[in-house]
Amino acid sequence: MNFLFDKDTWQEIYSSIRKNKMRTGITIIGVMWGIFLLVVLLGAAKGVENNFNKLFGNFATNSVFVWAQQTSKPFKGFQEGKSLTLKVSDLESIKSEIKGLEFVVPRHQTQAMAINDFKSGTFGIFGDYPELDKVQKKDMVYGRFINDNDINQKKKVCVIEEEIYKQLFDKDVYPIGAYIKINDINYKVVGMYKEGQIGSGGPQGNIHIPFTTFQQVYNRGDSVGWMMITGKMEYDISQIEADVKLLLRNLHKVHPNDERAFGSFNLGERIAQVTGFLTGMQFLTWFVGIATLIAGVFAIGNILLITVKERTKEIGIRRALGAKPWEIKRQIILESVFLTSIAGALGIIFGGLVLMLIDATIGSGPDAALTNPTVDIPVVIIAAVTLVVLGTLIGLIPAHTAVSIRPIEALREE
Amino acid sequence: MIKIEKLHKSYPIGKDSLHVLKGLDLHIKEGEFVSIMGSSGSGKSTLLNIVGLLDGHDEGNYYLNGQKIENLDEKKAAILRNKFLGFVFQSFNLITYKTAVENIALPLYYQGMGRKERQKIAMQYLDKVGLKDRANHLPSELSGGEKQRVAVARALATKPKVILADEPTGALDSKTSHAVMELLKEINREGMTVFVITHEEDIAEQTDRIVRLKDGVIISDEKVNKSVNV
C-alpha cells in the first residue's frame, strides 16, 4: 500500500485529472448530484417528521376528546334529536367505571373579546383544570398554569398564549400581573406559554381561565363543554373511547347503539396514522435515496468505461513502456476513488447549504412547512463511503477491460 | 541478443486462421543495426510485436538477451519490456497531455525511480536529442521530427538492450527522416542494438544489415556494404 503515500502516484492522478477537464467535470457532477439528492431528501423527510412531532408533541398521544351532540335514535320515550349535555357527575362515573384512565379533564370553551387598554381581539376562552397541563403540555414562557387554588377560590386569573400577548401587549412589557378584560370582567394574567399547533379554539389564540370561574361567569351550572380523556400507556385508547361513550349513552338514557349521540376525536388513532405515514415516507426517502446512489454508481462506472475506451491508446503506450497491468488498474481505480470522494464531499456540502437555505426561509415560525431539516452525519458519511466503494467496484470493470486489451491492439487504435 | 528459431505465428480470422509467420530464423547480435524490409502483409509488424513482447508466438523459440521467452504473463512481459526494450513508433505515441520531459520520464516512473532523478535523466536524454529548450512543451507544440526525437529519447531513457523502431520515419518528410536516422545511427555507434522496420529502401540502406521478409518467410539476409555509406 506504499503507493498510496507516494507523491508520484498522486502526481500522475492529478495530471490525468487536470488535463481531462470534461471527463472530470461530468464524473463529479454525476456523483455530486446523487449525494446531493440523498442529503436534501433525507433532510426534507426529517423536516416533515419534526413538523409532525411539533404538532403533536405537546399532546399525550393516547388521548381522546369526547363531547355531547344530539341523539339520532328515539329511546325510552324520547324522540330522536334530543340535545345532550355532559355533566360534572358524568366525570365521576367515568373515573369510577372505566379502567385504565390516566386523566379525565373537563373543559369549557367559548369565544369572547379580550381588551387591554386600547388593544383588543377575539379569542378562544377556555375553562380549565390544572390537569390540562399534563394532557396537553404547556411550554410556559412566563409565570405558571392554573392551579388548584385558582379552582377552589374561583379566581379571576388567566393564562394566555404568546400570540395573544403579541396582540394585546406592547413589546417588552412583562405581562404577568397585568389585567385583561373579558366580557367586562378583569382577569389577572398569571402565565404565558408558547403556542401549540393544534387544539386552538379561537381564531387568534387561547386564553385559559379556571374551570370553576368559567362555570360561574358564563352560567354553565354543572355542565361540561367537552372532556379530554387520557389512557394509561398499556391500555388501548380505542377501547377506552368506546367504553366511555357506551357509559355516557347509558347515563344519559340514550339508545345503546346511537353512535352519533356523543362525538369523539381519537388523537391516538390520528397519531398512529401520521406515524404510519411518516414511516412510509421514510421508507420512500430511503428507497429513492438508495436508488439515486445506485444510479450514481452506475454513472461513475459508465464514465470510467468511456474514459478507458478513450484512453486505450494511452494505456497501450504506458504498457509498452513497462507499466504492469496492476499499475494501470491501480491508477484507474485511484482516479475514480479520488473523484468520487471529492464529488461526494461537494454533494454533502451543497446539500447541507440547501438544507440551511430551506431552514432559513420556510423552516421556522408557526407555518413552517419543514422544521429544522437535518441529516445525521454518520448516515451521510456511510452513504458517501458506500458510493465510493461501489464506484470503485464498478470501476474495476473498466480497469479490467483496460488491461485485457493487448497493448498491441491498443497501440493500433488511432 | 535476439535469437529466433523456427518462429510461427497465426491469427484467427473468423473460423479460419491466417498464417503470418512461417518458420523464421533470425539471429541479431549485440550492437547490430538491422532493418527488416517488406511490403505490407509480409509479417514484419507481427515480427516486431513478438520481438517487442507485445504479442506472443505460437511455435518456435525466442531468446531475448539469452533468456527464453515462453508463457509470459502480462506482468513479466511488462518488466522485461521496461528493462530490455525501447520502442519508437511510426505515430510517435507520446502521451498528449504530458510535456516532452514528462514523456521521457514515464518509463523511469514505471521502473520505480524517484521523481528528481527521473527528471534529471529525462533532461539528459532530451539534451542528447537536441531538444533541451523544448522540455516543457506538449507534443502538440512540437513538429513531427521533434516528436520522434522525443520518442527516441524516451526509448533510450531506461538504457535498454534493444531499440525497436516501427517505421520510425513513416510519418516524416525526407529531411527530418534523415535527422532521425542520423540519431539512430549515432545511438548504434554508442553500442546499442537497433532494430528498424521499414518498407523504404533508402531507410533500410542506412542500416548495417537488411533482412527481407515476404509472405512470412525471410527471402534474403545481407550485410550492407559499409563502404557505400562511408
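Predicted model: local features only at pLDDT ≥ 70, side-chain atom pairs only at ≥ 80, totals over all residues.
Of the 414 residues of chain A, 38% count as buried.

The UniProt record, an unreviewed entry, lists residues 25-45, 283-308, 332-357 and 377-397 of chain A under "transmembrane region". Two of these segments were examined for secondary structure. Residues 25-45 of chain A are 100% helix and 0% strand, with end C-alpha atoms 30 Å apart. Residues 283-308 of chain A are likewise 100% helix and 0% strand, and here the end C-alpha atoms are separated by 37 Å.

The contact between the chains takes 19 residues from chain A and 21 residues from chain B. On the side of chain A that touches chain B, the elements giving two or more residues are α1 (7-18), α10 (312-320), α11 (325-362) and α13 (407-412) of chain A. The largest share of this side, four residues, belongs to α10(A). Sorted by class, the side of chain A that touches chain B has nine nonpolar, eight charged and two polar residues.

The interior was described next. In soluble globular proteins, nonpolar side chains tend to be buried together. The largest nonpolar core of the model has 105 residues, and those with the most contacts inside it are I35(A), I104(B) and I163(B). A second, separate core of 46 residues includes Y165(A), Y187(A), V224(A) and V254(A). Leaving aside residues up to four places away in sequence, I163(B) touches G86(B), V88(B), A155(B), I187(B), M192(B), V194(B) and F195(B).

I163(B) is one of the residues that point to one side of strand β7 of chain B: I163(B) and A165(B) point one way, whereas V162(B), L164(B) and D166(B) point the other way. The residues on both sides are buried. Because five of the five residues of β7(B) (residues 162-166) are buried, the strand is largely enclosed by the rest of the structure. Two parallel pairings involve β7(B). Strand β6 (residues 85-88) of chain B is joined to β7(B) by four bridges and runs parallel to it; in this pairing V88(B) stands opposite A165(B). Strand β8 (residues 193-198) of chain B also pairs with β7(B) in the parallel sense, over five bridges. The bridge partner of A165(B) in β8(B) is V196(B).

Another sheet of chain B has antiparallel pairing. Strands of a sheet pair through backbone hydrogen bonds, either parallel or antiparallel. Four strands form this open sheet, in the order β2-β1-β4-β5 (chain B). Its edge strands are β2 (16-28) and β5 (67-68) of chain B, each of which pairs on one side only. Strand β1 (residues 2-13) of chain B pairs with β2(B) over ten bridges in the antiparallel sense, and with strand β4 (residues 59-64) of chain B over five bridges, also antiparallel. K3(B) illustrates both pairings: K3(B) stands opposite H27(B) in β2(B), and its bridge partner in β4(B) is Y63(B). The hairpin of β1(B) and β2(B) has two residues between the strands, and G14(B) in this hairpin takes a positive phi near 60°.

The loop between α4 (115-128) and α5 of chain B contains E141(B).

Conventions: Residues numbered from 1 in each chain as written. Chains lettered and ligands numbered in written order. Core = buried A, V, L, I, M, F, W, Y, C linked by C-beta atoms within 7 Å. Buried ≥ 20, exposed ≤ 12 C-beta atoms within 10 Å, placed from the backbone. Contact = placed C-beta atoms within 7 Å. UniProt positions renumbered as here; feature names shortened; annotations may be inferred. Nonpolar A, V, L, I, M, F, W, Y, C, P; charged D, E, K, R; others polar. Pairing = 2+ DSSP bridges.
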